[in-house]
Amino acid sequence: MSYVDEVIERVIKENPNEPEFHQAVREVLDSLRLVVDANEEQFRKDALLERIVNPERQIKFRVPWVDDKGQVQVNTGYRVQFNSSIGPYKGGIRLHPSVNLGIIKFLGFEQVFKNSLTGLPIGGGKGGSDFDPKGKSDREVMAFCQSFMTELSKYIGADTDVPAGDIGTGAREIGYMFGQYKRLRNLYEGVLTGKGLSYGGSLARTEATGYGLLYITEEMLKCHGDSIEGKTVVVSGAGNVATYAIQKAQQLGAKVVTCSDSTGWVYDPDGIDVDALKEIKEVKRARLTEYKNYRPNSEYHEGKGVWSVKCDIALPCATQNELNIDDAKVLVANGVAVVAEGANMPTTADATEYLQANGVIFLPGKAANAGGVATSALEMSQNSERLSWSFEEVDAKLKGIMVNLYHNIDDAAKKYGFEDNFVIGANIAGFEKVVNAMNAQGIV
Ligand code: NDP
């Protein structure tokens, strides 16, 4: 049995009931076969893959808090510190009822390679809780965040581990967590990113993941003699990534006709109204059913369905495994040319294969959505310098990072004879840097 297959088998056996983690490990290791096979003897001797797939540390903790009725609630908190070979652990905190250790491990594992691809000095980690901020009062959210940080603060720090936002963790939650960290540690330091602008946040961080997704897509199209201008784009999600992906796509001259949330989706033939979307989701924290009040020509549908809309470019920006093989078949039948992942692992493995086999250019999340964490790293730099850069400065750096990142993964794909296979390109480019750093630091 090949070394890659042995390690995949071991991961499945040693981490039962963690299907998303298995899926992420299989996807990465499968695409590294060429590199691993060429170095098999040395990698085996060094147990390199075993070290890559095992987090340096994983922390699981109790999060008790009191709800508005005086009832004590108990959630579970996680922080997986996956790999610190190229910098302090860095990765978001997900607050969603579906969160479990396997999901946090899959996200942390992906984060290691993504962060490596940014070219910035950040290691990989991820955290979260099964707490659901939806429907909770501000006081309840604060009570949860303070309790969560009371435990987490023991393991993080500006030079150790710097968490950020993710699903369910926006500016409000980051603010409550930062406030509690400061009280506990008596340190005003860049321990979290995605902070508010008045207390150390970076301009353009809010927009960064969505904007970065469009910058890399635009660069890829440019290198293929095309552009985004005039294209019809379908987006899923209505959160941070989706909103700013829609905004940048429109600024670049595309028409974005859909968005979605966890209960339904919107089709707007005239193009999504981003101001309306922001008001519904960021201000009112309401459902997309409200969208019709702003745009009477639009349609609202219950359930899942954005991938049935004919488009040139599809941007999944909601959550993992939201675009499956059936969706991929419909997209291909409708002539989609590009799928670029704004979310983490939104496309199932068989759907990815089907898209690639049918000539669709596929940009995987670990490259395409790296703009968020890259700008988080820029926030860390500003915090260390105790300076704030202008929006234009940060945005220009973000664009430069995404353009470089594209060429990095394109070069890696070409070097190994897989032109236009950006899954392989991203995994190899991300992996090589991490392996170099690990090797230089001895058996760690
Ligand atoms: P948000 O919480 O802001 O938005 C998530 C969106 O997806 C919401 O519209 C939500 O619906 C929808 N959604 C969440 N879970 C599900 C589900 N199980 N089924 C259907 N829809 C769902 O999160 P973000 O925009 O920050 O994150 C979206 C994705 O992008 C995630 O995969 C995240 O890991 C990834 N990502 C985020 C980065 C960032 O900077 N924020 C950086 C890199 C990756 P509803 O409105 O009903 O809650």
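This is a predicted model: local features need pLDDT of at least 70, side-chain atom pairs count only at pLDDT 80 or more; totals for chains, interfaces and linings use all residues.

**A strand and its partners**

Modeller: Let's take strand β4, residues 124–129. Six of its six residues are buried, so the strand is largely enclosed by the rest of the structure. If you look along β4, Gly 124, Lys 126 and Gly 128 point one way, while Gly 125, Gly 127 and Ser 129 point the other way. Both sets are buried, the lysine included; the cut-off for that word is under 20% relative accessible area.

Now for the strands that pair with β4. One of them is β2, residues 72–83, which is joined to β4 by six bridges. β2 and β4 run antiparallel. To find this pairing on your screen, go to Asn 83, which stands opposite Gly 124 in β4.

Another partner is β3, which covers residues 89–95. Here three bridges make the link, and β3 and β4 run parallel. A handy place to look is Leu 95, whose bridge partner in β4 is Ser 129. That serine is one of the residues on the side of β4 that also has Gly 125 and Gly 127.

Together with helix α6, residues 101–117, strands β3 and β4 make a β-α-β unit, and the unit is right-handed. So, to trace it in the viewer, pick out β3, helix α6 and β4, with the strands pointing away from you, and the path from the first strand over the helix to the second runs clockwise.

Technical notes:
Residues are numbered from 1 along each chain as its sequence is written. Side-chain values use heavy atoms; hydrogens and water are left out. Buried means under 20% relative accessible area, exposed over 50%, partly exposed in between (1.4 Å probe, protein chains only). Helices (H or I, at least four residues) and strands (E, at least two) are DSSP runs, numbered from the N terminus. Two strands pair if DSSP finds at least two bridges between them.
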